[in-house]
Amino acid sequence: MDIRKTATLVFATAAGVFALVWDGTIPAGAPSGLISKAEARIGRPLTPVSYAGVARRTTRRAVYAGAAAATYYAPACVPVQDASGNVVGYRCP
């Protein structure tokens, strides 16, 4: 067997054994700059600095204001009748 193939087989075997044994944690002596902690605050959208909360509140206020204005300022619809007096639809000006 070629020395290169032997070295590849030994390296692959070592990597496989290492992957099976390693539990996914880095030892405490590892440099701290390698992996940083990620802090995500999820579930607090009503906080004042949350972009999702700001967007949600803005959308809610716009929908409420639009619905209230449409209800208040919308003219009433008038039923449209045919020649025999049957209501065939509504005309909203």
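1. Val80 is a residue of strand β1, where strands are DSSP runs of E with at least two residues and helices are runs of H or I with at least four, both numbered from the N terminus. The model is a predicted one, in which local features need pLDDT of at least 70 and side-chain atom pairs count only at pLDDT 80 or more, while totals for chains, interfaces and linings use all residues. Residues are numbered from 1 along each chain as its sequence is written, and side-chain values use heavy atoms, with hydrogens and water left out.

2. With a relative accessibility of 32%, Val80 counts as partly exposed; buried means under 20% relative accessible area, exposed means over 50%, and partly exposed lies in between, with a 1.4 Å probe and protein chains only. Beyond its neighbours within four places in sequence, Val80 is in contact with Asn86, Val87, Val88, Gly89, Tyr90 and Arg91, contact being heavy atoms within 4.5 Å. Tyr90 is 10 residues away from Val80 in sequence, yet their C-alpha atoms are 5.3 Å apart in space.

3. The partner of β1 (residues 78-81) is β2, and the two strands pair in the antiparallel sense over four bridges, pairing requiring that DSSP finds at least two bridges between two strands. Within this arrangement, Val80 stands opposite Gly89 in β2. The two strands form a hairpin with five residues between them, and Gly85 in the turn has a positive phi of about 95 degrees. Strand β2 (residues 87-91) lies largely in the open, because the number buried among its five residues is zero.

4. Leu20 lies in α1 and is exposed, with a relative accessible area of 77%. Together with Val17 and Val21, Leu20 forms a nonpolar patch on the surface, with about 350 Å² of accessible area for the three together.

5. For the chain as a whole, there are two helices and two strands, which follow the pattern α-α-β-β along the sequence. Of the 93 residues, 3% count as buried. The accessible surface, by the Shrake-Rupley method with a 1.4 Å probe, comes to about 8,700 Å², of which 65% belongs to carbon and sulfur atoms.

How values were computed. Patches are made of residues with over 30% relative accessible area and no salt bridge: like charges are joined within 9 Å, nonpolar side chains (Val, Leu, Ile, Met, Phe, Trp, Tyr) within 5 Å. A salt bridge is a side-chain nitrogen of Lys or Arg within 4 Å of a carboxyl oxygen of Asp or Glu.
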